[in-house]
Amino acid sequence: MRDVSIVGLGQTPVGEHWDTSLRELGFRALESALKDAKAERVEALYVGNMLSGHLTGQEHIAALIADFAGLRGIEAIKIEAACASGAAALRVGYAMVAGGLADLVAVVGVEKMTDQAPETVTAAMSMGVDADYEAMQGLTHMGVGAMLMRRYMHEHGFKREDFANFAITAHANAAGNPNAMYRSPISARLFNEAKPIADPISMFDSAPAADGAACVILAPTEIAREFSDKPVRIRASAVATDTVAADDRRDPLYLEAAAISAQKAFAAAGLGPDDIDLLETHDAFTILSALSLEACGFAPRGGGVRLAQNGEIGLRGRIPITTMGGLKARGNPVGAAGLYQIVEVAQQMRGDAGVNQVANARLGMAQNIGGTGGTVVTTILERL
Amino acid sequence: MEVARYWRTTRQRYQLVGEVCPNCSGKIFPPRDVCPTCEKEAKTPFAFSGVGEVYSYSTVYQAAAGYEKATPYTVAMIRLAEGPLVSAQLTDIDDKDVAIGMPVEMVTRVLREDGDRGMLVYGYKFRPVMV
């Protein structure tokens with residue numbers, strides 16, 4: 001297997017892009033990543049996307065974006081794994097370069113959500129849970145997340161207010177990210193007073209649906225410096241699955257796919273949680289950050305919330321998370337979220353994170369969670 | 001909901017029929033033909049009693065298309081007496097009175113409406129056990 005590095009980064013601002021189509025969003029991220037890599041063409045394009053069929057009436061979007069970008073003829077395929085589509089596409093691009101099947105590959109994550117009404121987006125997001133046995137009962141993606149949060153509070157003795165620091169940290173970090181959707185800090189009072197949307201989840205526990213696209217260009221590490229002065233090495237990449245329905249799990253509060261993919265990534269890299277300088281958690285809901293920190297071994301069971309309460313997740317904390325705003329405040333263009341995480345960790349590894357730079361960051365990790373944990377992708381990046 | 005899909009899941013939705021594993025005797029819901037515990041074939045039908053207790057719950061204020069009329073409504077994960085967890089709406093109870101550990105039983109109710117002219121989808125919900 002060949003060593004693989006990221007040699008180009010691109011992203012659009014996250015938000016409500018009413019004047020920009022799905023294909024244009026994908027193209028813009030691809031265009032800026034190609035420019036960053038000083039490259040004109042790639043051999044293959046992998047597109048992470050969850051909802052183009054349901055929300056835009058368009059499938060076959062990898063060929064569409066390749067065509068729109070003037071790359072007719074190249075290999076191009078869409079990859080779908082619910083909310084983990086972005087990092088799942090990275091996994092495929094990584095495998096292509098590592099396996100020697102291609103030298104220069106683009107991976108785009110793109111989602112267009114704000115053209116549609118809220119109940120349509122809620123129904124679409126709920127396609128990542130079990131359609132016959134969860135969604136049919138009236139459960140939404142958020143409703144399942146809310147039940148996990150309530151059970152967690154019950155088992156570990158927390159109140160809703162104890163989760164505030166996850167949202168406060170995300171918003172504080174988004175203030176320093178020019179591509180973030182919500183760049184205003186929030187207070188504990190604002191968090192505590194927010195009304196529930198799926199009790200105990202309020203709008204400040206939950207990431208906003210958005211439009212956006214992010215892109216990375218991959219190349220073998222041995223030629224990475226031909227494209228970039230600051231290549232970022234993919235030190236490990238791992239995917240694991242669990243039951244799609246949360247109620248089918250032995251213990252719904254243990255994200256087994258998060259644990260397995262983290263263990264595989266750590267084992268492949270010869271690293272452990274203590275070596276990691278920052279972690280992009282999949283904070284679609286505050287509870288998912290807590291469960292992710294615990295499954296990866298950054299905190300014991302029930303200790304994820306305590307890390308946030310003790311201020312250990314901030315940019316100068318023991319394990320900084322959501323360093324550019326996370327899904328919560330950067331925004332959650334769902335199939336692109338995993339690629340935004342990768343672009344942001346790569347910015348940190350390059351030392352290009354501006355006022356959000358984590359000092360001396362050398363190893364960064366991202367965990368992209370599909371559905372409520374049915375697919376989890378863990379990626380570890382390293383500064384070269 | 002599509003007519004064929006409605007009929008092929010009727011036994012689950014009307015009668016809470018799952019499976020029992022002939023190898024480890026584990027009770028399985030929904031039916032999946034492979035035992036999630038011992039990974040052996042498990043195709044023997046098993047009707048659950050419909051009795052259980054609330055494992056967790058949430059009142060949903062932002063519903064998906066097809067469920068807006070009932071909003072807000074309370075969903076729950078129920079630990080069935082035979083072992084498995086099942087997700088369903090709670091009914092015949094005020095949202096404020098729900099608690100983890102509360103004994104509940106299965107009843108049949110309308111789950112969703114597919115527009116004014118579409119199908120009424122019936123299935124299981126759970127209500128507090130009548131004393």
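## The sheet of chain A

In this predicted model, chain A holds an open sheet of 9 strands with mixed pairing, arranged in the order S3-S2-S4-S7-S1-S8-S11-S10-S9; strands (E, at least two residues) and helices (H or I, at least four) are DSSP runs numbered from the N terminus, and two strands pair if DSSP finds at least two bridges between them. At the edges lie strand S3 (75-79) and strand S9 (278-280) of chain A, each of which pairs on one side only. Neighbouring strands of the sheet are turned against each other by 25 degrees on average, with direction ignored.

Residues are numbered from 1 along each chain as its sequence is written, and chains are lettered from A and ligands numbered from 1 in the order in which they are written.

## Strand S10 and its partners

Strand S10 (residues 363-370) of chain A runs antiparallel to strand S11 (residues 375-383) of chain A, and 8 bridges join the two. Gly370(A) stands opposite Thr375(A) in S11(A), and Gln367(A) stands opposite Thr378(A) in S11(A). The hairpin of S10(A) and S11(A) has 4 residues between the strands, and in it Gly371(A) takes a positive phi near 65 degrees. With S9(A), by contrast, S10(A) pairs in the parallel sense over 3 bridges, and Glu280(A) has Ala366(A) in S10(A) as its bridge partner.

Because 8 of the 8 residues of S10(A) are buried (under 20% relative accessible area, with a 1.4 Å probe and protein chains only), this strand is largely enclosed by the rest of the structure. Leu363(A), Met365(A), Gln367(A) and Ile369(A) are buried on one side, and Gly364(A), Ala366(A), Asn368(A) and Gly370(A) are buried on the other.

## Helices against the sheet

Helix H9 (residues 256-269) of chain A lies across strand S8 (232-241), S10 and S11 of chain A, running at about 145 degrees to S8(A); angles run from 0 to 180 degrees between N-to-C directions, and axes are lines fitted to C-alpha atoms, for helices over the stretch in contact.

## A pair of helices

The axes of helix H6 (residues 141-156) and helix H10 (residues 286-295) of chain A come within 9 Å and cross at roughly 65 degrees. Their contact (heavy atoms within 4.5 Å) is made by Gly145(A), Leu148(A), Met149(A) and Tyr152(A) of H6(A) and by Thr286(A), Ile287(A), Ala290(A), Leu291(A) and Glu294(A) of H10(A).

Note on methods. This is a predicted model: local features need pLDDT of at least 70, side-chain atom pairs count only at pLDDT 80 or more; totals for chains, interfaces and linings use all residues. Side-chain values use heavy atoms; hydrogens and water are left out. Buried means under 20% relative accessible area, exposed over 50%, partly exposed in between (1.4 Å probe, protein chains only).
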